[in-house]
Amino acid sequence: MWPDFKVIICRPDPKNKHSLELIKEVSYYSLDEQVLRKMLTEENVIDWSSYFQMAGFDISHASLLKEVSSNRQVNNRGFTLVHLLYLPDCSHLITPIFDSELESRISSLDLSHVDLVNKTWKFGGNEKGHRKIKKLISNYPTCCITDGQGQPITWILMYDYCAMGMLYTLPEHRGKGYAKVLVSIMSKRLHAQGYPVYCFIEEENTVSYRLFKNLGFTEDPSYRAAWFDFNF
């Protein structure tokens, strides 16, 4: 019973038709690996009969997940491995300086920008990516910097699990510090609204890792989060 819990599992509601339009993601939080094992093996909490993605789990549980899926004769593969960087408090944030002209070009994304974000997102470029980005822009905070014609040249979104992500600057506008400005602004907004301020960064993305670290974000170096595909 809440709040005396050991494991929380979040999964799509099969009765919600809108959830079927998005990537089928399952997430969990575990305080006890034995209870987690019991829930994954003995209780019908996950539908192993069709494709799903286990999202943002502690990489130390990878062997358990592989074992359970193997016993169920369900294939699996690693999708991505990431650092978790977070900002404990905005007092840790190193805020870049920018002028009023740039400030006047700071805005938010709208639905007319879905295609632009989708085609530049590493995991997008398809219909599911389009639906996911449309959902995020419609329901969660975004921030962008526009050019003289009002078109976004750099942007950042917020995922449905409250992490900042999809940070991107068009190649011809890089090297001007725009990404630092967006991360700083978004961090302050999220903190003011009571959200945790954090992001996941792929291990090979050293540029973004340095950017967030230089802005004052920190991490537990012993922790890694992972995404796995099952039944693909």
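Mentor: Happy to! Let's start at Leu157, which, leaving out residues up to four places away in sequence, touches Leu109, Val117, Ile133, Leu136, Ile137, Pro141, Thr142, Ala163, Met164, Gly165, Met166 and Met186; contact here means heavy atoms within 4.5 Å. Before going on, note that this is a predicted model, where local features need pLDDT of at least 70, side-chain atom pairs count only at pLDDT 80 or more, and totals for chains, interfaces and linings use all residues. Residues are numbered from 1 along each chain as its sequence is written, and side-chain values use heavy atoms, with hydrogens and water left out.

Now widen the view. Leu157 is, with Met164, Phe212 and Phe217, among the residues with the most contacts inside the largest nonpolar core, which has 41 residues. Such a core is a set of buried Ala, Val, Leu, Ile, Met, Phe, Trp, Tyr and Cys residues joined through side-chain atoms within 4.5 Å. Buried means under 20% relative accessible area, exposed over 50%, and partly exposed in between (1.4 Å probe, protein chains only). Among the elements that each supply at least two residues of this core are helix H5 (127–139), strand S7 (152–158), strand S8 (164–169) and helix H6 (178–192). H6 gives the most, with eight residues. Helices (H or I, at least four residues) and strands (E, at least two) are DSSP runs, numbered from the N terminus. Apart from this core lies another, of 20 residues, including Leu36, Trp48, Met54 and Val68.

Let's go back to S7, where Thr154 is found. Thr154 is buried, with a relative accessible area of 0%. The side chain of Thr154 reaches the backbone oxygen of Tyr168 at 3.0 Å. Setting aside neighbours within four places in sequence, Thr154 is also in contact with residues including Cys143, Ile145, Tyr178 and Leu182.

Finally, look at the open space. The largest pocket is lined by 48 residues, and Gly165, Met166, Leu167, Asn205 and Ser208 lie nearest its centre. You have met Gly165 and Met166 already, as residues that Leu157 touches. On a 1 Å grid over the protein atoms alone, a pocket is an open set of points where a 1.4 Å probe fits, with protein on both sides within 12 Å along at least five of seven lines; lining residues have an atom within 4 Å of a point.

Key. A polar contact is a pair of N or O atoms within 3.5 Å; within protein, one must be able to donate a hydrogen and the other to accept it, and residues adjacent in sequence count only if both atoms are side-chain atoms.
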